[in-house]
Amino acid sequence: MNISIFGLGYVGCVSLGCLAKNGHHLTGVDVSEYKVNMINKGRPTILEKDIDHIIKSAHDEGKIQATTCADEAVYNTDLSIICVGTPSSTNGHLDLSYIFRTAEGIGEALKEKDSFHTIVIRSTVLPGTNQKVGEIIEKVSQKKLGKDFAVISNPEFLREGSAVKDYFHPSVTVIGGDHPEAIEKVASLYKDLEAPIEITDIKIAELIKYVNNSFHALKITFANEVGNICKALEIDSHKLMSLFCMDSNLNISKAYFKPGFAYGGSCLPKDLKGLVTLGHDNYLNTPVLGGIADSNENQKKRAFTLIENTGKKNICLLGLSFKEGTDDLRYSPSVDLAETLIGKGYHLTIFDENVQLSKLIGANEAYINDKLPHLSDLLSNDIQEAISKAEVLIVNHRNFDPTPYYSLFEKKTKIIDLVRVKELEHLPNYEGICW
């Protein structure tokens, strides 16, 4: 395929070389004559392992060239990849001016081009940028988005120092778009890579890089705070974290990565508080660890706000224990939510098939007697009756079949889902806590 790459910095240079290595013909585009001349001499514009050999080889084979002329690049290629920089502004927003200027340049070139053209945004951009780029190109070119050209989002996940390896061995290739033929064309660029190609919504493709990198930053900071505590206690932090990473069922896994309601139970709140206290006792500041509980409380407040916004006072809560399949009520976020609702004057009915007052013992019984001393007046053992009485339904457990109750659900002012029961999402009165 004939491909033009706009921006010959880090991502652009690596993409230029790697696509050429895979057999494509590339035209690099940059406003910098220095970078253009470097590529035209068979030399990379960056310092990166293996890219010098790849660029030289591709240049010698006549597979790459570079120019400062956007028109020339667009005329002679079927697909343009935008790899220009998106630096942060002083207030934390991205400076997308290079992206939009590039879109204008592509739009000008498309005025005189009759064939369909695919534009791929490889740069890291904010959700909504794809749409804006499409609007700019439409306006400048007087061509129709979806008919004469398409804009596809294809974020990169390249790390400096291992960018070539990352290009050829990705964990996943993400493509966001709404034009099937253009998506297929972009996917064909990666057909020789041994990695899944995930076609997704445009805004998801635009946001995924931010989520990835924010989590990487969180992991580093988490490990550093744990390391600081370990040092104060004369514990080998690397041995400890090596042991931590051996657990691929929970620690390094998909577990816990489902947006929803707050965490609870007898272990997480207690042990987190213990670790934060341990740091405090050793005169250590642990803002990430210390902020976890605050964020968790915020999620409880978010659930209450959703209920409050309905303007209704008659509430049914499906699920009281801290997670389904147990009767453990200790530090359950649902108990806290129920306590808040009662304190605010709401009429509350609770259904939880696993919670039976006669079987609660020990710390579990003591906890609920302190938090909800009149729980017996709130519990219902008939889910249909509990749902029927309420104006607003709060779903906190998944372990029930909602199908028989659709007619009841549809009559509610609002169904507020804290765990994402997909069978309910089609209902017009449905709302998820964070989806």
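Rings of Phe, Tyr and Trp, the last through its six-membered ring, are taken as a pair if their centres lie within 6.5 Å. In this predicted model, Tyr-167, Phe-168 and Tyr-190 form one aromatic cluster, and the count of aromatic pairs comes to seven. The briefing then turns to an open, parallel sheet of five strands, to the buried strand β6, to the packing of helix α11 with helix α12, and to two residues other than glycine with positive phi, Asp-50 and Arg-420.

**Aromatic pairs**

- Phe-215 and Phe-257 form an edge-to-face pair, with 5.2 Å from centre to centre and 85° between the planes.
- This pair links distant parts of the chain, since Phe-215 belongs to helix α9 (residues 202-232) and Phe-257 to the loop between α10 (237-244) and α11, 42 residues apart.
- Phe-215 counts as partly exposed at 32% relative accessibility, whereas Phe-257, at 51%, counts as exposed because the cut-off for that class is over 50%.
- The rings of Tyr-331 and Tyr-367 have their centres 5.2 Å apart and their planes at 45°, so this pair is tilted, an angle that falls between the limits of under 30 degrees for stacked and over 60 for edge-to-face.
- Here too distant parts of the chain are linked, with Tyr-331 in the loop between β9 and α13 and Tyr-367 in helix α14 (residues 362-371), 36 residues apart.
- Tyr-331 is partly exposed, with a relative accessible area of 43%, while Tyr-367, with 14%, is buried.

**The five-stranded sheet**

- The strands of this open sheet follow the order β10-β9-β11-β12-β13, and their pairing is parallel.
- The edges are formed by β10 (347-351) and β13, each of which has a single partner strand, so one side of each is left without a neighbour in the sheet.
- From one strand to the next, the twist averages 20°.
- Strand β9 (residues 314-318) pairs with strand β11 (residues 392-395) in the parallel sense over four bridges; within this pairing, Leu-317 has Ile-394 as its bridge partner in β11, and Leu-318 stands opposite Val-395.
- Four bridges also join β11 to β12, the two strands running parallel, and the bridge partner of Leu-393 in β12 is Ile-415.
- In a regular strand the side chains alternate between the two faces of the sheet.
- Both faces of β11 are covered, with Val-392 and Ile-394 buried on one side and Leu-393 and Val-395 buried on the other.
- Helix α13 (residues 333-343) lies across β9, β10 and β11, and runs at about 155° to β10.

- Strand β6 (residues 149-153) is mostly covered, five of its five residues being buried.
- The burial extends to both faces of β6, with Phe-149, Val-151 and Ser-153 on one side and Ala-150 and Ile-152 on the other.
- Strand β5 (residues 117-121) runs parallel to β6 and is joined to it by five bridges, with Ser-153 in β6 as the bridge partner of Ile-121.

**Packing of α11 and α12**

- Two packed helices are described by the angle between their axes and the distance between the axes.
- For helix α11 (residues 268-281) and helix α12 (residues 287-308), the angle is about 145° and the axes are 9 Å apart, and α11 passes α12 in a left-handed crossing.
- The residues that meet are Leu-272, Leu-275 and Val-276 in α11 and Leu-289, Gly-290, Ile-292 and Ala-293 in α12.

- Asp-50 has a positive phi, near 75°, and lies in the loop between α2 (33-40) and α3 (51-60).
- The relative accessible area of Asp-50 is 35%, and this residue is partly exposed.
- Arg-420 likewise has a positive phi, near 70°, and its place is in the loop between β12 (414-417) and β13 (430-432).
- Arg-420 is partly exposed, with a relative accessible area of 35%.

Conventions
Residues are numbered from 1 along each chain as its sequence is written. This is a predicted model: local features need pLDDT of at least 70, side-chain atom pairs count only at pLDDT 80 or more; totals for chains, interfaces and linings use all residues. Side-chain values use heavy atoms; hydrogens and water are left out. Axes are lines fitted to C-alpha atoms, for helices over the stretch in contact, and angles run from 0 to 180 degrees between N-to-C directions. A crossing is left-handed if the near helix is turned anticlockwise from the far one by less than a right angle, and right-handed if clockwise. Contact means heavy atoms within 4.5 Å. Buried means under 20% relative accessible area, exposed over 50%, partly exposed in between (1.4 Å probe, protein chains only). Two strands pair if DSSP finds at least two bridges between them.
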